[in-house]
Every structure is written in C-alpha cells, then in structure tokens.
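Hi everyone, thanks for making time for this. I'd like to walk you through one structure, so let me put it up on the screen.

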Amino acid sequence: MTERATKHERHRLIRELIAHESIGSQYELAARLAEAGYPVTQATVSRDIAELGLVKAPAHDGHAYVTPSELVGRQLPNLDARNGADDPRDVRLRRLLRDLPVAVGRSGLILVLRSAPGMANAIGQAIDESSLQEQEGTLAGDDTLLVLFADEPRLERWLGRFQAIRDEATRMEVHA
C-alpha cells in the first residue's frame, strides 16, 4: 500500500470519526486512529486536520472537530464586520493562523510567508479558498509560501485583510 493511499484512507477515516463522535483534541483523534489500525503521531494528525480544513466548533460536551461544511447553517460569531473577518470562507485560514506561527516578509510585489515545515501548502490552500482575492496566485514549498501581486495597491489591501484575519485568530485563541 502506498503512502498516498494510506493518507487518503486515513483522511476518509478521520471524516468518518468526527461525523460520528465528538472528538475535541489531536491526541484523542490520534488515539482513535491507532485503535482503527492507523498509528500516527500528533504531528501527522495536526497536518491531517489542516489538510482536511477541520475546525473546532461548540459541541454538547465542549468543542469538537467538524468539517467546514458542517458549519453551514450554524451561527458564526461576528468577528469583525468592518474588515469582513466574519466571512465563512476564512474559517480554515483563521484556524491555521491561530495554530501556526507565520512570518511575513516582502520582495517587490511578492509576499513571502514562512511557517512550520510541511505547512506552506495547507496555508496556501486556505488562502486560495479564503475571501482574500487580491493576489494573482500562491506558490508553496515546504515551509515557505509566495503570494504574488500585480500591483502595490492590491498587495497593500491583501496584507491589511490578512493581518485582520490573523489578529482575529489570535484574539480567538486568547478567548478559547
């Protein structure tokens, strides 16, 4: 069995587990995966959660992981209507920015985002799926993501929105 097939099967199992059980921590999810024959590290579970775009939502016994589609119809908190930070498309990006350090640098009309090893692709995908639309595109490596812009005004608007989303993610962490 290939690593890709195993990962695909593990992702399917994770979606199944969170659909039928209230799982509120990475360690709990890792334990359930191990019970099902998929022994994984907490780091692997963390990457899987990011790749699947899972978010924590209030549950009857605290908080539990859900898919973004399960949030449809739920009342999302009004995070910051002035900046559009309450857009449901930003849920995954906010979660990643809450959980991962992301340093932002600049080279001309390119923003350089650096994060944890193995996480640039997940962050890039979250940006591409978010309400951030000023970029021409993103290009991800292992721990570095390039965000490309056509002109200075677009870069500045994007950076302001990104910072607002990141600030809100940080405020959510403090209140959690």
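Let's begin with a pair of helices: H5 and H6 cross in a left-handed way. If you want to find them, H5 covers residues 91-99 and H6 covers residues 120-129. Their axes come within 8 Å, and the crossing angle is roughly 145°. On the H5 side, Arg92, Leu93 and Leu96 make the contact. H6 answers with Ala122, Ile123, Gln125, Ala126, Ile127 and Glu129. Sorted by class, that contact has six nonpolar residues, one polar and two charged.

Before going further, a word on confidence, since this is a predicted model. The mean pLDDT of the protein chain is 83, and 83% of its residues reach 70 or more. Among the elements, S4 has the highest mean pLDDT, at 97, while helix H4, residues 68-71, has the lowest, at 68. Please be careful with residues 73-85, where the pLDDT is below 50. That stretch does have 22 contacts in the model beyond near neighbours in sequence. Still, where pLDDT is low, the predicted coordinates should not be read in detail.

Now to the sheet. In what order do its strands run? The order is S3-S4-S6-S5, in an open sheet of four strands with antiparallel pairing. S3 and S5, the latter at 137-140, are the edge strands, and each pairs on one side only. On average, neighbouring strands here are turned by 20° against each other, ignoring direction.

Let me zoom in on one end of that order. S3, residues 103-107, pairs with S4, residues 110-114, over five bridges in the antiparallel sense. Together S3 and S4 form a hairpin, with two residues between them. Gly108 sits in that turn and has a positive phi of about 60°.

There is another glycine with a positive phi to look at. Gly53 follows helix H3, and its phi is near 70°. H3 itself spans residues 42-52. Which of its residues are buried? They are Thr44, Val45, Asp48, Ile49, Ala50 and Leu52. As a reminder, an α-helix has 3.6 residues a turn, so residues three or four places apart point the same way.

Conventions: Residues are numbered from 1 along each chain as its sequence is written. This is a predicted model: local features need pLDDT of at least 70, side-chain atom pairs count only at pLDDT 80 or more; totals for chains, interfaces and linings use all residues. Side-chain values use heavy atoms; hydrogens and water are left out. Axes are lines fitted to C-alpha atoms, for helices over the stretch in contact, and angles run from 0 to 180 degrees between N-to-C directions. A crossing is left-handed if the near helix is turned anticlockwise from the far one by less than a right angle, and right-handed if clockwise. Contact means heavy atoms within 4.5 Å. Ala, Val, Leu, Ile, Met, Phe, Trp, Tyr, Cys and Pro count as nonpolar, Asp, Glu, Lys and Arg as charged, and the others, Gly among them, as polar. Two strands pair if DSSP finds at least two bridges between them. Buried means under 20% relative accessible area, exposed over 50%, partly exposed in between (1.4 Å probe, protein chains only). pLDDT is the predictor's confidence in each residue, from 0 to 100.
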